[in-house]
Amino acid sequence: MQLIPNIIFAILLGVGVYFFASNVKKLIRNIKLGKDLDRSDQKSQRWSNMIRIALGQSKMVRRPVSGFLHVIVYIGFIIINIEVLEIVLDGLLGTHRLFLPILGKAFYGFLIGTFEVLALLVFVSVTIFWLRRNVLKIKRFWNKEMTDWPKNDGNYILYFEMVLMTLFLIMNTTDVHLQQSGTGNVISQFFVPLFQNISFEGLHLIERTAWWLHICGILVFLNYLYYSKHLHILLAFPNTFYANLKPKGQFPNNKNVTKEVQLMMDPNADPYAAPAEDEGEPEKFGASDVTDLNWVQLMNAYTCTECGRCTSVCPANLTGKELSPRAIMMKTRNRLEEVGRNIDANKGTFQDDGKQLLGDDYITQEEIWACTSCNACVEECPVNIDPLSIIMDMRQYLVMEQSAAPQELNAMMTNVENNGAPWQYSQMDRLNWVNEE
C-alpha cells in the first residue's frame, strides 16, 4: 500500500513528460516545414546575443516597469523550479524533503527561504500584470488582433502562476516538520496562524493536497505551453541565437534574380542557351504560404510573446493603418498550426486546403503594403523576432509572381526600366533641371 502513491506519481510524471515530448516533436516538425537557412556563422556573437537578450533580459528592461516585473517572474520561474527536482525525487522515492539531510539544514534553509521570497514576489508581480491587462487596460493588450483566445491565454498564464505560488507557500506553511525546524520558512511562518486550529492530521492532509496539486499543476502548465504564447519560455533561447546578425537595413538578394543578373552582365554568356537540365523548375519568388518561409521565420512565429511592443512602435499602425507586426506573427503561427493539423489528419502529407498565408484567409495585401520597412518592430522585440522579413518575402511574391504591386510602385518600376530613373522623363531630359532658374 505504501508504494501506491509512488506508482501513481510515476504514472502521472510519465504521462506528462510523454505528452510534452510529443508536443515538442510536433513543434520541431512544423518548424522544419520551412525552407533551409544557414545561420551557423559568427557563433561567438550568437552566444553573446542569447546570453545577453534571452538570459539577461536586456531588451525587456527598456520599459522599466514591465521589464522589472518580468525579470522577477523570470528569475522566480527558473530558481523556484529547482524545488521541482526535490518534489519529483520525493514522489518517486517516497521520501520527504530529500535534500534537507543531503544539503544540511543551513544551506537547505537558505534555498527554501529564497524560494519563498521569490514565490511572494512572483505572486505580487503577476497580480500587477493582471491589473495592467484587465483594469488599467494598457492599449497594446487590447488591439483588435487580441481576440478572446489571445486575451484569455495571457490571463490563464497569470492564474496558473498565482495558483502555483500559492500552493507552494501553503505546502510549506502546513509542513509541520519544516515549521518546527525554523529553517527556510521566512514567508510561510506568517501564514501559520491561518491554520492554527487545524489538527496535525488535518495539516498533513492539506500539505499533501497542496503538494500533489502543485506538481500536477506544473505538469499541466508544461503541456499547456505548446498551445500558449508562453512557448517563448523555451524558444527565446534558440530564437535569439539564430536571429539575423546582418545590419537591419540590409535585405537578402534572391539567388535566382542574382543569377539572372550575373548572366546578363556576362559578355561571354549565350542569351539563347537553353537552361541546364539539372536546374529543374525555378523556385517561387517570395512567399505566399508558411512553407515558402524559412525555418527561422517559422520559429519566430512560435516564439512571439504577443506582448505588442512591436505594434506599439509601428508607424503604420500608429497612423491607423491595418498593419500590426504582432498580428503578422500571430497569423503566421495560426496558419502553421493549421498546416500541421492538416498533415496529422492526412497521415503525414499535406493536402491542399485552398488556403494560404497571404490572402483574405490570414494576411491581406493591405497589411503588407502598409509597412514602411523601418525595422522599428525588429528593434523593439524583446526576443529578436523579425516580422519585417516575412512582410518583405510576401511583397516579393506579389511583385514577381503576381504582378500585384500598387499602381504607384508599378509606375516607378516602369520608369526605372524605361528611363533609368523613378521619374517620367526621358534620359535625354534628365539634366534639364540644371538650366532652370
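**Exercises on Ring Pairs and Helix Packing**

Trp 211 is buried, at a relative accessible area of 5%; buried means under 20% relative accessible area, exposed over 50%, and partly exposed in between, with a 1.4 Å probe and protein chains only. The structure is a predicted model, in which local features need pLDDT of at least 70 and side-chain atom pairs count only at pLDDT 80 or more, while totals for chains, interfaces and linings use all residues. Residues are numbered from 1 along each chain as its sequence is written, and side-chain values use heavy atoms, with hydrogens and water left out.

**Exercise 1.** Classify the ring pair of Phe 9 and Trp 212, and state which parts of the chain the pair ties together.

*Solution.* 
1. A pair of aromatic rings is described by the distance of the centres and the angle of the planes.
2. The structure holds 15 aromatic pairs; rings of Phe, Tyr and Trp (its six-membered ring) pair if their centres lie within 6.5 Å, and planes under 30 degrees apart count as stacked, over 60 as edge-to-face and the rest as tilted.
3. For Phe 9 and Trp 212 the centres are 6.0 Å apart and the planes stand at 70°, so this pair is edge-to-face.
4. Phe 9 belongs to helix α1 (residues 4–31) and Trp 212 to helix α9 (residues 200–224), so the pair ties together parts 203 residues apart in sequence. Helices are DSSP runs (H or I, at least four residues), numbered from the N terminus.
5. Phe 9 is buried, with a relative accessible area of 2%, whereas Trp 212 is partly exposed at 23%.
6. Trp 212 also pairs with Trp 211: their ring centres are 5.2 Å apart and their planes are at 80°, so this pair too is edge-to-face.

**Exercise 2.** Describe how α1 packs with helix α12, and how helix α15 packs with helix α18.

*Solution.* 
1. Helix α12 comprises residues 295–303; α1 and α12 pack at about 135°, with axes 8 Å apart. Axes are lines fitted to C-alpha atoms over the stretch in contact, and angles run from 0 to 180 degrees between N-to-C directions.
2. The two helices α1 and α12 are therefore oblique to each other; angles under 35 degrees count as roughly parallel, over 145 as roughly antiparallel, 65 to 115 as roughly perpendicular and the rest as oblique.
3. In this contact (heavy atoms within 4.5 Å), α1 contributes Leu 27, Asn 30 and Ile 31, and α12 contributes Trp 295, Leu 298, Met 299 and Tyr 302.
4. Helices α15 (residues 325–345) and α18 (residues 387–400) pack at about 75°, with axes 9 Å apart, and are therefore roughly perpendicular.
5. Here Pro 325, Ile 328, Met 329 and Thr 332 of α15 meet Pro 387, Ile 390 and Ile 391 of α18.

**Exercise 3.** Describe the surroundings of Phe 241.

*Solution.* 
1. Phe 241 is located in helix α10 (residues 232–241).
2. With a relative accessible area of 10%, Phe 241 is buried.
3. Not counting residues up to four places away in sequence, Phe 241 touches Lys 43, Arg 46, Trp 47 and Met 50.
4. The C-alpha atoms of Phe 241 and Met 50 are separated by 5.1 Å, although these residues are 191 residues apart along the chain.
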